[in-house]
Amino acid sequence: MPPPGVYAPIPTPFDDAGDVDRRRLRTAFARWVRSPLTGFVVLGSNGEAALLDDRESDEVITAARESIPVGRPLIVGTARESTRGTIAASKRAEDLGADAVIVRTPGFFKTQMSTDALVTHYAAVADASPLPVVLYNFTAVTGVNLAPAAVARLAAHPNIAGVKESGGDVAQIAEFVSSASPSFRVLAGSGTSFYASLCVGAHGGILALACVMPEACVRLFELTRAGRHDDARRLQQQLAPLARLLGARYGVAGLKAALQLLGCDVGQPRLPLTPVDAEGLSALSAALAILQDTAA
């Protein structure tokens with residue numbers, strides 16, 4: 001079961017030919033593992049998982065596992081549109097050293113993804129997966145919402161360890177928390193509402209912001225858990241502008257650009273995603289400069 005805390009959803013680096021760049025990934029991990037992050041997620045939405053084939057996905061898992069010290073959890077995205085494909089990917093992830101899998105909702109047949117259909121899908125995955133399963137709800141990407149009623153049913157499964165809610169819906173996060181046992185991990189996926197999510201009971205977060213500002217995200221988590229709410233709110237307000245740019249505004253391309261500005265080379269996004277334009281680079285640079293000045 002993933003422990004509470006802050007996890008970074010790692011971007012997948014590509015080389016100039018557009019292939020997975022394992023050297024760049026290992027170099028970037030050398031930076032992240034020095035931070036106080038609880039653990040790491042690969043092959044999520046920020047990892048451009050939907051744009052990778054199975055061989056490339058396995059390359060990313062292998063490079064990540066080689067880079068992460070023992071004791072730091074590695075969670076791997078294994079979602080496929082079919083239940084069968086998701087199970088197969090989850091078994092491969094276990095073979096390659098993952099500690100848990102995170103599975104976003106299927107979205108191709110979104111109009112048919114009822115609560116019953118989603119419960120059936122996730123229960124079948126959890127029955128067959130050799131690793132704990134984290135549910136992944138990202139309605140903006142999939143067009144499917146994993147409703148609290150579905151999460152409440154799935155939380156009772158012994159191999160379903162938690163849920164990540166990426167939509168920033170704090171009310172839904174609160175429902176997830178109240179519908180399950182305290183051991184069921186509810187993780188926020190939005191940096192702009194991280195503090196509010198913690199206040200309603202979230203156990204931590206999987207945040208793009210944590211790739212760029214890991215120390216600050218962990219600090220926000222620790223301040224909130226310690227009841228130092230004035231300090232936590234102040235830090236959340238400082239982080240919010242950058243979190244917005246890394247989220248709905250620029251997404252994966254913004255995350256890669258921000259890391260590049262900090263000297264962490266993770267390459268460009270894979271087509272059909274395109275790099276951030278000059279206006280975006282300027283906005284990201286300004287937001288980073290403000291935070292760096294604040295930290296100093």
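The crossing of α10 and α11 is left-handed, meaning that the near helix is turned anticlockwise from the far one by less than a right angle; clockwise would be right-handed. This is a predicted model, where local features need pLDDT of at least 70, side-chain atom pairs count only at pLDDT 80 or more, and totals for chains, interfaces and linings use all residues. Residues are numbered from 1 along each chain as its sequence is written, and side-chain values use heavy atoms, with hydrogens and water left out.

Here are the two helix pairs. Helices are DSSP runs of H or I with at least four residues, strands are E runs of at least two, and both are numbered from the N terminus. Axes are lines fitted to C-alpha atoms, for helices over the stretch in contact, with angles from 0 to 180 degrees between N-to-C directions.

| Helix pair | Axes come within | Crossing angle |
|---|---|---|
| α10 (residues 214–225) and α11 (residues 229–249) | 8 Å | roughly 155 degrees |
| α3 (residues 83–95) and α4 (residues 115–128) | 9 Å | roughly 30 degrees |

So α10 is roughly antiparallel to α11, while α3 is roughly parallel to α4. The cut-offs are under 35 degrees for roughly parallel, over 145 for roughly antiparallel, 65 to 115 for roughly perpendicular, and oblique for the rest.

On the α10 side, the contact (heavy atoms within 4.5 Å) involves Ala216, Arg219, Leu220, Leu223 and Thr224, and α11 brings in His229, Asp231, Ala232, Leu235, Gln236 and Leu239. That works out as six nonpolar, three polar and two charged residues. Here Ala, Val, Leu, Ile, Met, Phe, Trp, Tyr, Cys and Pro count as nonpolar, Asp, Glu, Lys and Arg as charged, and the others, Gly among them, as polar.

The α3 and α4 crossing is right-handed.

The peptide bond from leucine 271 to proline 272 is cis, with omega near 15 degrees, and proline 272 sits in the loop between α12 and α13 (278–295). Leucine 43, in the loop between β2 (39–42) and α2 (54–67), has a positive phi near 65 degrees despite not being glycine.
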